[in-house]
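Subject: Handover of a structure, with notes

Dear colleague,

I am passing on to you the structure below, and I would be glad if you could read the notes that follow with it open beside you.

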Amino acid sequence: MAPFPWHFGGQRYQNLFVDLKIKVLLKDQYMSIFIIAEIGINHNGDIKIAKELIDIAKEAGCNAVKFQKRDINSVYSKKILDGPRESPWGSTQRDQKNGLEFGEVEYNEIDKYCKLKSIEWFSSAWDLKSQDFLNTYNCNYNKIASAMIIYEDLLKKVAKEKKHTFISTGMSTMKEIAKAVDIFVKADCPFELMHCVSTYPLPTEQANLKVIQSLQKEFKCNVGYSGHEVGLPIAVAASALGISSLERHITLDRSMYGSDQSASIEPHGLKKLVQYVRVVEEALGDGIKRFNDDEKKIANKLRAHIIS
(Lines give C-alpha, C1' and ligand atoms only; values in the text may rest on other atoms or scores of the structure.)
Protein backbone atom coordinates (compact mmCIF):
# COMPACT_ATOMS: atom_id res chain seq x y z
CA MET A 1 0.00 0.00 0.00
CA ALA A 2 1.37 3.43 -0.93
CA PRO A 3 1.98 5.76 2.03
CA PHE A 4 -0.23 8.78 2.66
CA PRO A 5 1.25 11.93 1.07
CA TRP A 6 2.00 13.15 4.62
CA HIS A 7 3.40 9.79 5.73
CA PHE A 8 6.82 10.11 7.35
CA GLY A 9 8.04 7.16 5.33
CA GLY A 10 7.64 9.32 2.20
CA GLN A 11 10.52 11.38 0.84
CA ARG A 12 8.60 14.60 1.32
CA TYR A 13 8.60 14.35 5.09
CA GLN A 14 12.01 12.79 5.37
CA ASN A 15 13.32 15.99 3.79
CA LEU A 16 11.10 18.19 5.92
CA PHE A 17 12.34 16.57 9.10
CA VAL A 18 15.93 17.21 8.05
CA ASP A 19 15.06 20.85 7.37
CA LEU A 20 13.46 21.19 10.79
CA LYS A 21 16.43 19.49 12.44
CA ILE A 22 14.03 17.01 14.01
CA LYS A 23 12.09 19.58 16.07
CA VAL A 24 9.78 16.74 17.10
CA LEU A 25 12.32 15.15 19.40
CA LEU A 26 12.37 11.41 19.91
CA LYS A 27 12.30 10.23 23.50
CA ASP A 28 15.68 8.95 24.57
CA GLN A 29 16.41 6.47 27.31
CA TYR A 30 17.32 9.13 29.87
CA MET A 31 14.21 11.32 29.61
CA SER A 32 11.73 11.16 32.47
CA ILE A 33 8.05 10.57 31.69
CA PHE A 34 6.12 13.85 31.98
CA ILE A 35 3.17 13.09 34.27
CA ILE A 36 0.04 15.19 33.82
CA ALA A 37 -2.76 15.24 36.39
CA GLU A 38 -5.91 15.98 34.38
CA ILE A 39 -8.24 18.00 36.59
CA GLY A 40 -10.45 18.77 33.62
CA ILE A 41 -13.88 19.71 34.97
CA ASN A 42 -13.60 17.53 38.07
CA HIS A 43 -13.39 20.75 40.10
CA ASN A 44 -17.17 21.04 39.59
CA GLY A 45 -16.90 24.81 39.20
CA ASP A 46 -15.32 25.28 42.63
CA ILE A 47 -11.92 26.97 42.77
CA LYS A 48 -11.32 25.51 46.25
CA ILE A 49 -11.63 21.98 44.84
CA ALA A 50 -9.33 22.96 41.97
CA LYS A 51 -6.68 24.12 44.44
CA GLU A 52 -7.03 20.93 46.47
CA LEU A 53 -6.44 18.90 43.30
CA ILE A 54 -3.42 21.04 42.40
CA ASP A 55 -2.01 20.34 45.87
CA ILE A 56 -2.62 16.61 45.45
CA ALA A 57 -0.89 16.56 42.06
CA LYS A 58 2.10 18.46 43.40
CA GLU A 59 2.44 16.25 46.48
CA ALA A 60 2.20 13.11 44.33
CA GLY A 61 5.10 14.29 42.17
CA CYS A 62 3.22 15.16 38.96
CA ASN A 63 4.86 17.54 36.50
CA ALA A 64 1.71 19.43 35.55
CA VAL A 65 -2.02 19.83 36.00
CA LYS A 66 -4.42 20.30 33.10
CA PHE A 67 -7.86 21.83 32.76
CA GLN A 68 -10.46 22.13 29.97
CA LYS A 69 -11.81 25.39 28.56
CA ARG A 70 -15.00 25.91 26.55
CA ASP A 71 -16.97 28.87 25.35
CA ILE A 72 -20.28 27.10 25.70
CA ASN A 73 -22.05 29.26 23.12
CA SER A 74 -19.38 28.30 20.57
CA VAL A 75 -19.34 24.60 21.41
CA TYR A 76 -23.07 23.94 21.87
CA SER A 77 -26.16 25.05 19.97
CA LYS A 78 -28.91 27.09 21.63
CA LYS A 79 -31.22 24.09 21.24
CA ILE A 80 -28.87 21.87 23.21
CA LEU A 81 -28.19 24.50 25.87
CA ASP A 82 -31.90 25.13 26.39
CA GLY A 83 -32.57 21.41 26.74
CA PRO A 84 -33.42 19.81 30.09
CA ARG A 85 -30.71 18.48 32.41
CA GLU A 86 -30.91 18.27 36.15
CA SER A 87 -27.69 19.23 37.93
CA PRO A 88 -26.52 20.99 41.09
CA TRP A 89 -26.70 24.28 39.12
CA GLY A 90 -30.19 24.08 37.67
CA SER A 91 -32.49 22.23 35.28
CA THR A 92 -31.04 22.98 31.83
CA GLN A 93 -27.93 22.01 29.89
CA ARG A 94 -26.88 25.67 29.98
CA ASP A 95 -27.07 25.74 33.77
CA GLN A 96 -24.95 22.61 34.05
CA LYS A 97 -22.30 23.68 31.55
CA ASN A 98 -22.03 27.20 32.94
CA GLY A 99 -21.70 25.72 36.41
CA LEU A 100 -18.70 23.62 35.36
CA GLU A 101 -16.91 26.36 33.44
CA PHE A 102 -14.12 28.52 34.85
CA GLY A 103 -13.68 32.08 33.61
CA GLU A 104 -11.00 34.75 33.85
CA VAL A 105 -11.26 35.17 37.62
CA GLU A 106 -10.74 31.46 38.27
CA TYR A 107 -7.97 31.05 35.69
CA ASN A 108 -6.12 34.04 37.14
CA GLU A 109 -6.29 32.29 40.50
CA ILE A 110 -5.13 28.98 38.98
CA ASP A 111 -2.20 30.72 37.29
CA LYS A 112 -1.16 32.42 40.51
CA TYR A 113 -1.62 29.30 42.64
CA CYS A 114 0.34 27.01 40.31
CA LYS A 115 3.23 29.49 40.27
CA LEU A 116 3.13 29.54 44.07
CA LYS A 117 3.21 25.73 44.15
CA SER A 118 5.86 25.48 41.39
CA ILE A 119 3.83 23.20 39.14
CA GLU A 120 3.08 23.65 35.43
CA TRP A 121 -0.50 24.13 34.29
CA PHE A 122 -2.19 24.25 30.93
CA SER A 123 -5.59 23.57 29.41
CA SER A 124 -7.23 22.06 26.34
CA ALA A 125 -9.46 24.44 24.37
CA TRP A 126 -12.58 23.18 22.65
CA ASP A 127 -13.07 26.23 20.44
CA LEU A 128 -11.12 29.10 18.89
CA LYS A 129 -12.29 31.72 21.38
CA SER A 130 -11.12 29.56 24.29
CA GLN A 131 -7.70 29.07 22.71
CA ASP A 132 -7.32 32.85 22.36
CA PHE A 133 -8.26 33.17 26.03
CA LEU A 134 -5.72 30.56 27.14
CA ASN A 135 -2.98 32.18 25.08
CA THR A 136 -3.18 35.24 27.34
CA TYR A 137 -1.46 33.12 30.00
CA ASN A 138 2.22 32.26 29.86
CA CYS A 139 1.76 28.48 29.86
CA ASN A 140 4.53 26.34 28.40
CA TYR A 141 2.23 23.72 26.88
CA ASN A 142 -0.90 23.27 24.81
CA LYS A 143 -3.20 20.26 24.53
CA ILE A 144 -5.41 19.01 21.72
CA ALA A 145 -8.24 16.94 23.16
CA SER A 146 -9.17 13.76 21.30
CA ALA A 147 -12.53 15.25 20.35
CA MET A 148 -10.76 18.20 18.71
CA ILE A 149 -8.12 16.35 16.67
CA ILE A 150 -10.16 16.80 13.47
CA TYR A 151 -10.80 20.54 14.12
CA GLU A 152 -8.18 21.86 11.69
CA ASP A 153 -8.75 25.56 12.37
CA LEU A 154 -8.08 24.97 16.07
CA LEU A 155 -5.00 22.85 15.33
CA LYS A 156 -3.58 25.56 13.08
CA LYS A 157 -4.20 28.24 15.70
CA VAL A 158 -2.49 26.14 18.38
CA ALA A 159 0.43 25.24 16.10
CA LYS A 160 1.07 28.92 15.35
CA GLU A 161 1.82 29.47 19.04
CA LYS A 162 4.77 27.05 18.72
CA LYS A 163 4.37 25.74 22.27
CA HIS A 164 5.00 22.07 22.95
CA THR A 165 1.62 20.45 22.30
CA PHE A 166 0.20 17.13 23.51
CA ILE A 167 -2.16 15.67 20.90
CA SER A 168 -4.57 13.00 22.13
CA THR A 169 -5.61 10.47 19.49
CA GLY A 170 -8.86 8.98 20.80
CA MET A 171 -11.82 8.70 18.40
CA SER A 172 -9.53 9.04 15.37
CA THR A 173 -8.07 7.02 12.51
CA MET A 174 -4.42 6.89 11.47
CA LYS A 175 -5.31 9.08 8.50
CA GLU A 176 -6.85 11.74 10.77
CA ILE A 177 -3.84 11.59 13.09
CA ALA A 178 -1.54 12.04 10.10
CA LYS A 179 -3.43 15.17 9.03
CA ALA A 180 -3.00 16.62 12.54
CA VAL A 181 0.70 15.76 12.55
CA ASP A 182 1.06 17.41 9.15
CA ILE A 183 -0.27 20.70 10.54
CA PHE A 184 2.22 20.76 13.41
CA VAL A 185 5.18 19.71 11.27
CA LYS A 186 4.44 22.40 8.69
CA ALA A 187 4.15 25.01 11.45
CA ASP A 188 7.46 23.89 12.98
CA CYS A 189 5.64 23.42 16.29
CA PRO A 190 6.99 20.83 18.76
CA PHE A 191 4.45 18.18 19.64
CA GLU A 192 3.91 14.63 20.80
CA LEU A 193 1.03 12.26 20.25
CA MET A 194 -0.82 10.56 23.10
CA HIS A 195 -2.38 7.15 22.60
CA CYS A 196 -5.91 7.35 23.93
CA VAL A 197 -9.15 5.36 23.74
CA SER A 198 -12.13 7.59 24.46
CA THR A 199 -14.39 5.34 26.49
CA TYR A 200 -15.24 6.23 30.10
CA PRO A 201 -14.20 4.16 31.89
CA LEU A 202 -11.97 2.22 29.48
CA PRO A 203 -12.47 -1.58 29.43
CA THR A 204 -9.12 -3.38 29.69
CA GLU A 205 -9.61 -5.27 26.43
CA GLN A 206 -9.89 -1.95 24.54
CA ALA A 207 -6.65 -0.41 25.86
CA ASN A 208 -4.54 -1.70 22.96
CA LEU A 209 -1.28 -0.33 24.36
CA LYS A 210 0.72 -1.66 21.40
CA VAL A 211 -0.69 1.30 19.47
CA ILE A 212 1.91 3.36 21.35
CA GLN A 213 4.65 1.60 19.42
CA SER A 214 2.65 1.76 16.20
CA LEU A 215 2.39 5.55 16.51
CA GLN A 216 6.09 5.84 17.33
CA LYS A 217 6.97 3.83 14.23
CA GLU A 218 4.48 5.56 11.95
CA PHE A 219 5.17 9.18 12.86
CA LYS A 220 8.72 9.08 14.24
CA CYS A 221 7.80 11.23 17.23
CA ASN A 222 7.34 11.03 20.98
CA VAL A 223 4.18 9.24 22.08
CA GLY A 224 2.50 9.44 25.47
CA TYR A 225 -0.54 7.76 26.98
CA SER A 226 -3.78 9.40 28.14
CA GLY A 227 -5.87 6.88 30.04
CA HIS A 228 -9.48 6.69 31.18
CA GLU A 229 -9.39 3.25 32.77
CA VAL A 230 -10.18 2.29 36.34
CA GLY A 231 -7.10 1.43 38.38
CA LEU A 232 -3.38 1.70 37.75
CA PRO A 233 -2.01 -1.40 35.93
CA ILE A 234 -2.67 -0.20 32.36
CA ALA A 235 -0.95 3.15 32.91
CA VAL A 236 2.00 1.44 34.61
CA ALA A 237 2.28 -0.97 31.68
CA ALA A 238 2.26 1.97 29.27
CA SER A 239 5.23 3.45 31.11
CA ALA A 240 7.27 0.38 30.10
CA LEU A 241 6.55 0.93 26.40
CA GLY A 242 8.68 4.03 25.91
CA ILE A 243 6.05 6.72 26.47
CA SER A 244 7.20 10.31 26.90
CA SER A 245 4.15 11.50 28.83
CA LEU A 246 1.34 10.08 30.94
CA GLU A 247 -2.00 11.71 31.65
CA ARG A 248 -4.72 10.53 34.02
CA HIS A 249 -7.82 12.28 35.33
CA ILE A 250 -7.74 12.94 39.07
CA THR A 251 -10.51 13.52 41.60
CA LEU A 252 -11.03 13.99 45.30
CA ASP A 253 -13.64 11.23 45.29
CA ARG A 254 -14.81 9.03 42.39
CA SER A 255 -18.39 9.21 43.70
CA MET A 256 -18.60 12.99 43.18
CA TYR A 257 -20.90 14.52 40.57
CA GLY A 258 -19.49 14.54 37.05
CA SER A 259 -19.07 12.43 33.93
CA ASP A 260 -15.28 12.06 34.33
CA GLN A 261 -15.18 11.19 38.03
CA SER A 262 -15.61 7.42 37.69
CA ALA A 263 -12.62 7.11 35.35
CA SER A 264 -10.40 9.25 37.58
CA ILE A 265 -7.78 8.46 40.21
CA GLU A 266 -8.19 9.45 43.85
CA PRO A 267 -5.28 10.99 45.83
CA HIS A 268 -3.83 7.76 47.22
CA GLY A 269 -3.98 6.12 43.80
CA LEU A 270 -2.23 9.06 42.15
CA LYS A 271 0.67 8.83 44.59
CA LYS A 272 0.97 5.12 43.91
CA LEU A 273 0.85 5.64 40.15
CA VAL A 274 3.67 8.18 40.19
CA GLN A 275 5.75 5.92 42.44
CA TYR A 276 5.20 2.88 40.21
CA VAL A 277 6.00 4.80 37.01
CA ARG A 278 9.26 6.12 38.45
CA VAL A 279 10.22 2.60 39.57
CA VAL A 280 9.53 1.24 36.08
CA GLU A 281 11.61 4.03 34.52
CA GLU A 282 14.56 3.22 36.76
CA ALA A 283 14.18 -0.52 36.22
CA LEU A 284 14.14 -0.23 32.41
CA GLY A 285 17.74 0.96 32.36
CA ASP A 286 19.60 1.64 29.14
CA GLY A 287 19.55 -1.80 27.47
CA ILE A 288 23.30 -2.38 27.74
CA LYS A 289 24.13 -5.79 29.20
CA ARG A 290 26.57 -5.50 32.08
CA PHE A 291 28.27 -7.85 34.53
CA ASN A 292 28.20 -5.51 37.51
CA ASP A 293 30.34 -5.52 40.64
CA ASP A 294 27.56 -6.82 42.88
CA GLU A 295 27.08 -9.79 40.54
CA LYS A 296 30.80 -10.48 40.46
CA LYS A 297 30.90 -10.94 44.24
CA ILE A 298 28.03 -13.43 44.06
CA ALA A 299 29.53 -15.16 41.03
CA ASN A 300 32.79 -15.74 42.89
CA LYS A 301 30.86 -17.62 45.57
CA LEU A 302 28.48 -19.58 43.37
CA ARG A 303 31.13 -20.51 40.80
CA ALA A 304 33.94 -21.28 43.23
CA HIS A 305 33.75 -25.00 42.48
CA ILE A 306 34.21 -24.49 38.72
CA ILE A 307 36.75 -21.65 38.74
CA SER A 308 40.31 -22.60 39.66
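This is a predicted model: local features need pLDDT of at least 70, side-chain atom pairs count only at pLDDT 80 or more; totals for chains, interfaces and linings use all residues.

I begin with the largest pocket, which holds about 530 Å³ of space and has a lining of 31 residues. Those that lie nearest its centre are Ile41, Gln68, Arg70, Trp126 and Asp260. As to where the lining comes from, at least two residues each are supplied by strand 2 (64-69), helix 5 (93-100) and strand 10 (245-249), and helix 5 gives the most, with 3 residues. Sorted by class, the lining of the largest pocket comprises 11 nonpolar, 11 polar and 9 charged residues.

Next come two pairs of packed helices. In one of them, helix 2 (residues 47-60) packs with helix 6 (residues 104-117) at an angle of about 25 degrees, their axes being 11 Å apart. Since angles under 35 degrees count as roughly parallel, helix 2 and helix 6 are therefore roughly parallel to each other, and their crossing is right-handed. On the side of helix 2 the contact is made by Ile47, Lys51, Ile54, Asp55 and Lys58, and on the side of helix 6 by Glu106, Glu109, Ile110, Tyr113, Cys114 and Lys117. The residues of this contact between helix 2 and helix 6 divide into 5 nonpolar and 6 charged, with no polar ones.

In the other pair, the axes of helix 8 (residues 152-161) and helix 9 (residues 174-186) come within 9 Å and cross at roughly 30 degrees, so that these helices, too, are roughly parallel to each other. Helix 8 passes helix 9 in a right-handed crossing. Helix 8 brings Glu152, Leu155, Lys156, Val158 and Ala159 to the contact, while helix 9 brings Lys179, Ala180, Ile183 and Phe184. By class, the contact of helix 8 with helix 9 has 6 nonpolar, no polar and 3 charged residues.

Finally, I would point you to the loop between strand 8 (191-195) and helix 10 (211-219), where Pro201 lies and where Asn208 also has its place. Most residues other than glycine have a negative phi, and most peptide bonds are trans. Tyr200 and Pro201, however, are joined by a cis peptide bond, with omega about -10 degrees, and Asn208, although not a glycine, has a positive phi of about 50 degrees.

With best wishes

Note on methods: Residues are numbered from 1 along each chain as its sequence is written. Side-chain values use heavy atoms; hydrogens and water are left out. Axes are lines fitted to C-alpha atoms, for helices over the stretch in contact, and angles run from 0 to 180 degrees between N-to-C directions. Helices (H or I, at least four residues) and strands (E, at least two) are DSSP runs, numbered from the N terminus. Angles under 35 degrees count as roughly parallel, over 145 as roughly antiparallel, 65 to 115 as roughly perpendicular and the rest as oblique. A crossing is left-handed if the near helix is turned anticlockwise from the far one by less than a right angle, and right-handed if clockwise. Contact means heavy atoms within 4.5 Å. Ala, Val, Leu, Ile, Met, Phe, Trp, Tyr, Cys and Pro count as nonpolar, Asp, Glu, Lys and Arg as charged, and the others, Gly among them, as polar. On a 1 Å grid over the protein atoms alone, a cavity is a set of points where a 1.4 Å probe fits but cannot get out, and a pocket is an open set with protein on both sides within 12 Å along at least five of seven lines; lining residues have an atom within 4 Å of a point. Grid points are joined across faces, edges and corners, and a volume is the space filled by probe spheres set on the points.
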